[in-house]
Amino acid sequence: MPTDFSALPQQLLADLQAARPVFWGNPDRSDAATVSTVVDGRGISLADVKAARARFDRFAPLLARLFPELQGSAGRIESDLLPAPAMQQALGLPSSAGALWIKADHSLPVAGSIKARGGIHEVLEFAESLALEYGLVTHDADYAVLAEAPARALFGRYQVAVGSTGNLGLSIGVMASALGFRAAVHMSADAKAWKKARLRARGVAVVEHTGDYAAAVAAGRREADADPYSYFVDDERSLSLMLGYSAAALHLHDQLAQADVRVDATHPLFVYLPCGVGGAPAGIAFGLRQLYGPNVHPVFVEPTQSPCFLVEMLAPGASVYDVGLTNRTEADGLAVPQASELAAQAMRPLLAGVCTVADDTLFADLHRVREAEGLRIEPSAAAGFSGPGMLTGTEAGRAYLTQHHLDGAMAHATQLVWTTGGLFVPPEEYARFAEHGAALAA
């Protein structure tokens, strides 16, 4: 049965259907000091965020042993927080809108994207559950022992599988393979060839599907369900993924404090997160809300042809195809037709809003951030740079600021753009991105 959009604001619906960039302020957001979050009947809180970070800490000695690039960080997978005054100028964002910063997850080691957080966390949680069950470790043991033969023999009995358009598959495949699991990534037609090649070079089985992201996930799920020794990482339904992403909030909290960046009622924090199915941005937004309460304002940013999270917030259960969109975008990690209901459930009272961005703008901002700040990112990672301008420069964005009494606080705001991938983009692929972006930005 076709989705009924008749109750939606008609101008918003018309803009969505015409693939015009929009800002949508979430009318259900709560500014209460605390908001209980229940996902699939389970309440989650700051304790769950801290538990995810504790798991990363327990595995740090093992990760430093498995990945030479982590030896300098003692096995911790983290990214820099960067002031971005030159990019702020390139975007034409005035000082009256606050100060622009970048959380540089495009340079995360091991997986090269934000997906290193949630994807790696879920693989580690599965590995830990097996190791504890078979008596290979206790919670206070040195997890480096899991690189030894008994653990690898145990893990080798199991397959870890996932459906992905690219970056999540990289994080799952690389980590599962490094631990000794058999790994399989079901990839949609829009996944980049270089990502498939990188996985195969790691010994990961890549299963290609002619359909979109949702079709790849469904196929992977069906195959895993038929095999008792196959564990499926389900990006649409996984709380473990979401909590893995949420742990990033704790490190960002420390980084902001070290940079002497205040976050309070008169110094609001706006965070712009590229959004595909929704698990990664929802996890980070949830973690930040536990730390900063109503003083943090997460905004998800999606391609104009793939605004699945916005569609889900407007009409639960609907897809971008129901709106008449194509789900075709150069931002391959964001090419998702239908959002995670789990993520949407968590975000209903927490999310500030969603804005959409055209592919041409992604490429232009990819070029601008290279020229202004020397950062090398992929198109999907550039999505957040549209956020501050959409918030402060559109009628809907300004209405959100007025509704939440933020007009007088913007000069002291922090505008944080989360860049999500790009470290492992091949030079020839990046050169094509950069050339296209330069032409569009001229």
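Is Lys 115 buried or exposed? Select Lys 115 to begin: at 15% relative accessibility, this residue counts as buried. Buried here denotes under 20% relative accessible area, exposed over 50%, and partly exposed the range in between, with a 1.4 Å probe and protein chains only.

The model is predicted, and local features need pLDDT of at least 70, side-chain atom pairs count only at pLDDT 80 or more, while totals for chains, interfaces and linings use all residues. Residues are numbered from 1 along each chain as its sequence is written, and side-chain values use heavy atoms, with hydrogens and water left out.

**Stop 1**

Keep Lys 115 selected and display helix α4, residues 115-133, in which Lys 115 is found. Helices (H or I, at least four residues) and strands (E, at least two) are DSSP runs, numbered from the N terminus. An unreviewed UniProt entry carries the annotation "modified residue: N6-(pyridoxal phosphate)lysine" for Lys 115. UniProt positions are given in the numbering used here, feature names are shortened, and annotations may be inferred rather than shown by experiment.

Next, show the surroundings of Lys 115. Leaving aside neighbours within four places in sequence, Lys 115 is in contact with Ile 120, Asn 167, Leu 168, Ser 171, Asp 235, Tyr 245 and Ala 280. Contact means heavy atoms within 4.5 Å.

Then select residues 80-387, which UniProt lists, in an unreviewed entry, for "domain: Tryptophan synthase beta chain-like PALP". The end C-alpha atoms of this span lie 20 Å apart, and the span is 44% helix and 16% strand.

**Stop 2: Ser 246**

Move to Ser 246 in helix α9, residues 239-246. Ser 246 is buried, with a relative accessible area of 0%. Apart from neighbours within four places in sequence, Ser 246 is in contact with Val 49, Gly 283, Ile 284, Phe 286 and Gly 287.

**Stop 3: the aromatic pairs**

Which residues do ring pairs link into a cluster? Select Phe 126, Phe 155, Tyr 158, Phe 181, Tyr 229 and Tyr 231, which ring pairs join in this way. The structure holds eight aromatic pairs. One of them is formed by Tyr 158 and Tyr 229 and is tilted, at 5.2 Å centre to centre with 55° between the planes. This pair links distant parts of the chain, 71 residues apart: Tyr 158 is in the loop between α5 (149-155) and β6 (159-164), and Tyr 229 is in the loop between α8 (213-225) and β9 (230-233). Rings of Phe, Tyr and Trp (its six-membered ring) pair if their centres lie within 6.5 Å; planes under 30 degrees apart count as stacked, over 60 as edge-to-face and the rest as tilted. Tyr 158 is buried, with a relative accessible area of 10%, whereas Tyr 229 counts as partly exposed at 37%.

**Stop 4: the cysteines**

How many disulfides does the structure hold? It holds zero, a disulfide being a pair of cysteine sulfur atoms within 2.5 Å. Cys 275 is in no disulfide, and its nearest cysteine sulfur, that of Cys 308, is 5.5 Å away.

**Stop 5**

Select Thr 356 in strand β12. At 2% relative accessibility, Thr 356 counts as buried. A polar atom of the Thr 356 side chain lies 2.9 Å from the backbone nitrogen of Val 22.

Continue to helix α15, residues 359-373, which has 15 residues and reaches 21 Å from its first C-alpha to its last, close to the 21 Å expected at 1.5 Å a residue. The expected span is 1.5 Å times one less than the number of residues. Among the buried residues of α15 are Leu 362, Phe 363 and Leu 366. The buried residues of α15 pack against α3 (85-90), β5 (99-104), β11 (296-303), β12 (353-357) and α18 (427-441). Gly 374 follows α15 and has a positive phi, near 70°.

**Stop 6: positive phi**

Finally, select Val 110, in the loop between β5 and α4. Val 110 has a positive phi of about 75° although it is not a glycine. Most residues other than glycine have a negative phi. Val 110 is buried, with a relative accessible area of 2%.

Definitions and conventions. Polar contact = N/O pair within 3.5 Å; in protein donor to acceptor, adjacent residues only side chain to side chain.
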